[in-house]
Amino acid sequence: MIEIKPNKCDFCGCCVGVCPVDCIDLKEADIDIDYNVCIDCKLCLYICPIEVFEDVETAEI
Amino acid sequence: MWKQQKFDLIIVGGGPAGSTAARFAAIGGISVLLLEKDRDIGVPVRCGEAASDEGLRIFVDPDTRWIKSVITKLRLISPSEHTIDIDLKQKGYILDRRIFDYDLAQYAADEGAQIVCKAYVDGLLFKDGKVAGVTGEHLGERFEVESDIVIGADGVESRVGRWAGLATVVKMKDMESAIQKTIAGIEVDEHRFDFYMSREWAPGGYLWIFPKGPNAANIGLGVSGKYSRFRSAQRYLDDFLAKTFPDGSVISSTVGGVPCDKTLKKFVTDGLMLAGDSAHMVNPMTGGGIVPGMRGGMLAGETAVEAIKAGDTSEKFLNRYPKAWHKIGGKNHERFYSIKEAIFRLTDKELDSIVAAVEKISPDERSIAKVFRKAVFKKPSLVVDVMKVFAGI
């Protein structure tokens, strides 16, 4: 699962441009992933110029 | 109050494409609302800020308030640091986009366009299958505003087009993952663009030094999405700066994605047009998007006027916009895209041998065409690619 590291994002929209399912919402200084839509393709992690995203293990419930 | 009005045209995004669309639509006499998600037009800057004099003059008179440097020559630096200097036939500028974009928005407002900042658009309204307005949020309040036409000038994110079913997602290999820092307290040639081409500095892209006066520069690079997963743009830039300008001060930094692609096959649908980065109008070879964005914005704005006057906002009618775009430059971008692909296929060794060969041409005889002829001579496998690319020149 992809997580956003807090206070690191510069809100440039690069990840939004490559997201194949349009699950990233970006306001002026606010970014959110809609996990109901996210397919965990990790393209956001791969394209981000400043390593804002992190691939974390999804905890078993 | 704009929230209660209906407009002929709503534009989403207040960059050069959006403001230019607003200006030309307002000049044509239709009612225009431009919505910008950020607090200020022109801020934050997400750009290397380079543009040609010739290109800008189509739209504005160059103004010393927003020109930071006048550029008359460029330098290409090969992986082993051989250099080629070329005098530019047309001068270029490094702009201060904060002032430049502000002016463009003011021109639009002067013509009667209404501009609202902090207005975040998050969806489209549809009527009978046609785009018929936008929904969003402004200062914590929801809004729905109707219009006959929407222009999406929402940059690299290009969500407006997606909401209307257009395929605007940028392929990873065509997205440049870019970062730039404005470095002060250094010495640079204030009239020269520097381009570093090497897989070590910026794989699938290039590194640039764009002077802002004699003692500061925008220093940045783009790495193709094909490679950025292995090492981020930030790491490449930090390495270069530590090596080349260890004592410079970072007075500004920015990141962003640059879609270095051919223009989208389809960027118009019923009631909707895209302009600028959102339509992939960036020059795919250079990554320059200011002038192409303004061209797209102007054509989209003018087409909106014609459509409103004709009472026809169908895709069929709006298709005169892509036709006009391809006529004035869109086709060139397909050629530039091929050049980009050919260049990025070169290994560092091949780049070095090409640059070494070009170094032998005396400086006053150097032109872009001559440099390319030499490059072709040195690297026969490029001949086919370059022949194709230059077929029309």
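One caution before we start: the model is predicted.

Let's begin with the domains. The assignment for chain B gives three entries. Domain 1 takes in 2-45 + 98-170 + 262-318. Domain 2 covers 70-93 + 172-259. Domain 3 is 339-390.

Now look at domain 1 and domain 2 of chain B. Their C-alpha centres are 30 Å apart. Nine residues from domain 1 and eight residues from domain 2 make the contact. Together the two domains bury about 700 Å². Carbon and sulfur atoms carry 62% of that area.

Next, a single residue. Find B:Ser69 in strand β4, residues 67-77 of chain B. Is B:Ser69 buried or exposed? Its relative accessibility is 2%, so B:Ser69 counts as buried; the cut-off for buried is under 20%. Its side chain has a polar atom 2.8 Å from the backbone nitrogen of B:Gly213. Beyond its neighbours within four places in sequence, B:Ser69 also touches other residues, among them B:Gly92, B:Tyr93, B:Glu190 and B:Pro211.

On to the rings. Over all chains, the structure holds eleven aromatic pairs. Take B:Phe195 and B:Phe210. Their ring centres are 5.8 Å apart and their planes meet at 75°, so this pair is edge-to-face. B:Phe195 is in strand β11 (residues 192-196) and B:Phe210 in strand β12 (residues 207-211), so the pair ties together parts 15 residues apart in sequence. Both of these phenylalanines are buried.

Here is a second pair: B:Tyr196 and B:Trp201. The centres are 5.0 Å apart and the planes are at 85°, so this one is edge-to-face too. B:Tyr196 and B:Trp201 are both buried.

Ring pairs join B:Phe193, B:Phe195, B:Tyr206, B:Trp208 and B:Phe210 into a cluster.

Last, charges over rings. B:Arg231 lies over the face of B:Tyr236, 4.7 Å from the ring centre. B:Arg320 has its charged end over the ring of B:Phe317, 4.0 Å from the centre.

That's the tour. Thank you.

Definitions and conventions. Residues numbered from 1 in each chain as written. Chains lettered and ligands numbered in written order. Predicted model: local features only at pLDDT ≥ 70, side-chain atom pairs only at ≥ 80, totals over all residues. Heavy atoms only, no water. Phe/Tyr/Trp six-rings, centres within 6.5 Å; stacked < 30°, edge-to-face > 60°. Helix = DSSP H or I, 4+ residues; strand = E, 2+ residues; numbered from the N terminus. Buried < 20%, exposed > 50% of the residue type's maximum accessible area, 1.4 Å probe, protein only. Lys NZ or Arg CZ within 6 Å of the ring centre and 35° of its normal. Polar contact = N/O pair within 3.5 Å; in protein donor to acceptor, adjacent residues only side chain to side chain. Contact = heavy atoms within 4.5 Å. Domains from an automatic or database assignment. Buried area = accessible area lost by both parts, 1.4 Å probe.
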